[in-house]
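The following note sets out points for a colleague reviewing this model. Please read each one beside the coordinates.

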Amino acid sequence: MKHTIRTSLLTLTLGALLAVPAGAQSLSDDIKTARAQEAARIAVIDKVSKTFVAIGGGSGVIVSSDGLILTNHHVAGSRPVGSTWIVTRPGGIFERAKILGTDPRGDITLLKMEKSGPYPFVEFGDSDAIEVGQAVIALGNPFGFSKDGTPNVTVGLISATHRFQGGYSDAIQTDTAINPGNSGGPLIDFQGRLLGINGRIAVRFGTRANTGIGYAIPTNQIKAFMPQLKEGQVGHGVVRGLSMEDTRAGGKGARVSRVRSGSGAAAAGFKTGDVIIHAGGRPVHNPRRFEGIVGTYPAGDTIEVLVQRGGREITLEATLEARDRSAAASKSRKGGYLGVRLSSPEDGGAEVEEVVAGSPAAQAGLQTGDVIRQFNGTNVKNVQHLISLLTKSRIGETIKLSVLRNGTLETVRVKLGNKPK
Amino acid sequence: MRPLTPLLLTLALAGSAFAGPDLLEDSQTTLGAMDRALAAAAEKAAPSIVSIHVKRANYGPKDLSPAEKAMRGIRGYVPPGYFARPDGPGSGVVIAPGLVATAMWTIAGQDSVEVTGPDGKRYEAERVGRHEGYRVALLKVHDKGALTPLAQAKASVRTGRTLLLLGRSGQGNLTVTRGIVSGLKRERSMAFTHSCRTSFGNVGGALIDLEGNLVGVSVRHNEKASQGQASGVGFGARVKALMPDLGDLAQGKVIEAPPRAFLGIGLDQRHTGEGVRVGRVIEGTAAQKVGITPGDVITVFNSVKIEHFAQLVEEILKLGVGAEIVVTVRRGQEELDYTVKLGARPEDEKKK
């Protein structure tokens, strides 16, 4: 019997091996195939590179034949709407472009060439249709090494989608090498379609170089804001009066813990105990994801929200109100340094928008999206209140913060530092 | 039953080679073709990749340069010695019999140099010439027979082309990182950028194409793209550009970056029409000597119609210092021809 088994396995193996020549290729075939893949990659890169512009210390991309340009707010938005930038197109062609509108929270600025074109441009892709693992191209001017407007081209993968990173509330994560100077540049698929605008990287100790984690603002969000961007200032939407927590099972939606009477949430029909499972056609697995989806729409838009209520599923329509725009950074002031950018949420406290890499806040584990509720036992009313408490603190002092993270109160101790120069 | 184990392994391997076509859009036959080609390329080039050890007298942390201080950023903290050259070996590539090319940065200094071949054997090496424009240095190894030179790639360096960066560790292991050509004409057109992750260990190593031929030498140009963190922006020197000087470099010649030709005008960025409008004229330069003045629009340079500034710069850089050419400018309604003898860029002059 042993022999028989061996023989049949051998037959199987031989069969598999014999199948190899039909399926696998010789090395020269492999090289030929690889060369063809390389040629296809170069063809896409050649095509999309023409749409690149260098702007200020960063990057941008032309998205229409008549010369609309997208870049980051932190690249071009420092100048007022209506003012002009000189952009550099590949080959070192200088052209003037005017700021049409800017979105500080969403980190997008829209400009338009003064000339009417026609310009080579990238088409918008559907950023909700992208898949983790798909190959992408980034164009940019990292470290400012390009002097002639030709982009630096890097390729990589989509690492994750729908990452919540404060203002980047629905970010695409990529391992494509993006570095300081890539900001505002496009993330493009191999069909040559725009998936997002690169704008952030995760770094440690202020070493401003790629670590394999970069974030892009998705095109579907940008599309939703285009009409407002063309008109000037942009307002992000929010559902006011809605408090949420994780479902008990976790990951099964966002449970509504409180609805303030007379608020936008109450008007939309939210009730305490509802579990939000879909918003804007996209699944919601926790409160942060709901905030993330809402963050991709401007104020005034109405989104459909699917909730579970007593065993039934009900569709609500929520018209988004304008979000508090007063994001405040802890700038020049006395006292200890925390290292966060904050905004005031609806229900009081101070929401962490961004954690400065290497700062005391980062070292203590504060996260984007945390809502600081208490400072050394004192209830925090809003950002201004927190800043006033920080002003009275001392450098080197350890403070106790009570923070709301995904519906749970947690205690974080931070040793305040010296404000960096 | 013992023979079953290898058979089962073979089966498993055969199975894994046929991962479903639904994983990628490639067909079964092409799935992994690029990976297989690159693995073969690395294997082919491996005998030419060496490890380079410099016996430095002092490896201690050094003071940060202004560029490095800027790299720290306004917020950040960098541990002490972060930018210091580590006490580890770098890499090199055998470019001709007995000749190893590497990055200038890797072997800088006066201390003795040793090269470790793929067989783990150590060779005394001698610094010969270097090209300061390309940032490539050459080492001579007297035991010529031991090291295999790597064939040069035929195809031109082009953005998007597949690259592998090969280095060799101090223990003799080959190291491989993968990327593409990211940009051309960087660092005064002396380098291209690539996305292969570059570390202190593989600076000086070989950039090869997917057939295992030498495209360039991995070099260090700029501290901003820190090799300490492998930013994904590395520099390469084109081996094709280097080859004509190889003989001189092997004889110990130090080739400085040639001074760039200089006209001496600044651009008026407000001008968006054809040609280049002169914003300013720099004192003591070729342009000033012949009488080109702000407001002039340069329309033709050395018989080439000028559309924009970068094109003019490119035309100037094609020429050497001392070249005499005709520049046509429009001044109001007039068209004027000037014969100009190009000077050197002021910063290149100061270097000397």
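1. Helix H8 of chain B and its cover. The buried residues of H8(B) are covered by parts that include strands E14 (261-262), E15 (265-267), E16 (276-281), E17 (297-301) and E18 (304-305) of chain B. H8(B) spans residues 309-318, and its buried residues are B:Ala310, B:Gln311, B:Leu312, B:Glu315 and B:Ile316. Buried stands for under 20% relative accessible area, exposed for over 50%, and partly exposed for the range in between (1.4 Å probe, protein chains only). Helices (H or I, at least four residues) and strands (E, at least two) are DSSP runs, numbered from the N terminus.

2. Basis of the values. The model is predicted: local features need pLDDT of at least 70 and side-chain atom pairs count only at pLDDT 80 or more, while totals for chains, interfaces and linings use all residues. Residues are numbered from 1 along each chain as its sequence is written, chains are lettered from A and ligands numbered from 1 in the order in which they are written, and side-chain values use heavy atoms, with hydrogens and water left out.

3. Chain B as a whole. Chain B holds 9 helices and 21 strands, and 48% of its 352 residues are buried. Among its contacts (heavy atoms within 4.5 Å) with a separation of 6 or more, 61% join residues 24 or more positions apart. Chain B exposes about 16500 Å², of which carbon and sulfur atoms supply 52%; these accessible areas come from the Shrake-Rupley method with a 1.4 Å probe, and for residues only the protein chains shown count as cover.

4. The barrel of chain A. In chain A, 6 strands close into a barrel in the order E1-E2-E3-E6-E5-E4, with antiparallel pairing. From one strand to the next the twist averages 40°. Helix H4 (residues 219-231) of chain A packs on the sheet and touches strands E3 (68-71), E5 (93-103) and E6 (108-113); the direction of H4 makes about 100° with that of E5(A). Axes here are lines fitted to C-alpha atoms, for helices over the stretch in contact, with angles from 0 to 180 degrees between N-to-C directions. Strands E1 (residues 52-55) and E4 (residues 84-89) of chain A run antiparallel and are joined by 2 bridges; A:Ile55 has A:Val87 in E4(A) as its bridge partner. Two strands count as paired if DSSP finds at least two bridges between them.

5. Strand E25 of chain A. To which strand do 4 bridges join E25(A)? The partner is strand E27 (residues 398-405) of chain A, which runs antiparallel to E25(A), and A:Gln374 stands opposite A:Ser402 there. Strand E24 (residues 350-355) of chain A is joined to E25 (residues 371-375) by 2 bridges, again antiparallel, with A:Ala350 opposite A:Ile372. E25(A) also forms a hairpin with E26(A), with 2 residues between them, and A:Asn376 in the turn has a positive phi of about 45°. Within that pairing, A:Phe375 has A:Thr378 as its bridge partner.

6. Aromatic groups. Over all chains there are 5 aromatic pairs. Rings of Phe, Tyr and Trp (its six-membered ring) pair if their centres lie within 6.5 Å; planes under 30 degrees apart are stacked, over 60 edge-to-face and the rest tilted. The pair A:Phe270 and A:Phe290 is edge-to-face because the ring centres are 6.5 Å apart and the planes are at 75°. A:Phe270 lies in the loop between H5 and E17 of chain A and A:Phe290 in H6(A), so the pair ties together parts 20 residues apart in sequence. Both residues are buried, A:Phe270 at 3% relative accessible area and A:Phe290 at 2%. One aromatic cluster is formed by A:Phe143, A:Phe145 and B:Phe235.

7. A:Val294. This residue also lies in helix H6 of chain A and is buried at 5% relative accessibility. A:Val294 touches A:Gly237, A:Val238, A:Val239, A:Ile303 and A:Leu320, not counting residues up to four places away in sequence.

8. Backbone geometry to inspect. A cis peptide bond, with omega about 5°, joins A:Gly117 and A:Pro118; A:Pro118 lies in the loop between E6 and E7 of chain A. A:His162, although not a glycine, has a positive phi of about 55°; A:His162 is found in strand E9 of chain A and is partly exposed at 29%. B:Arg135 is likewise not a glycine and has a positive phi of about 65°.
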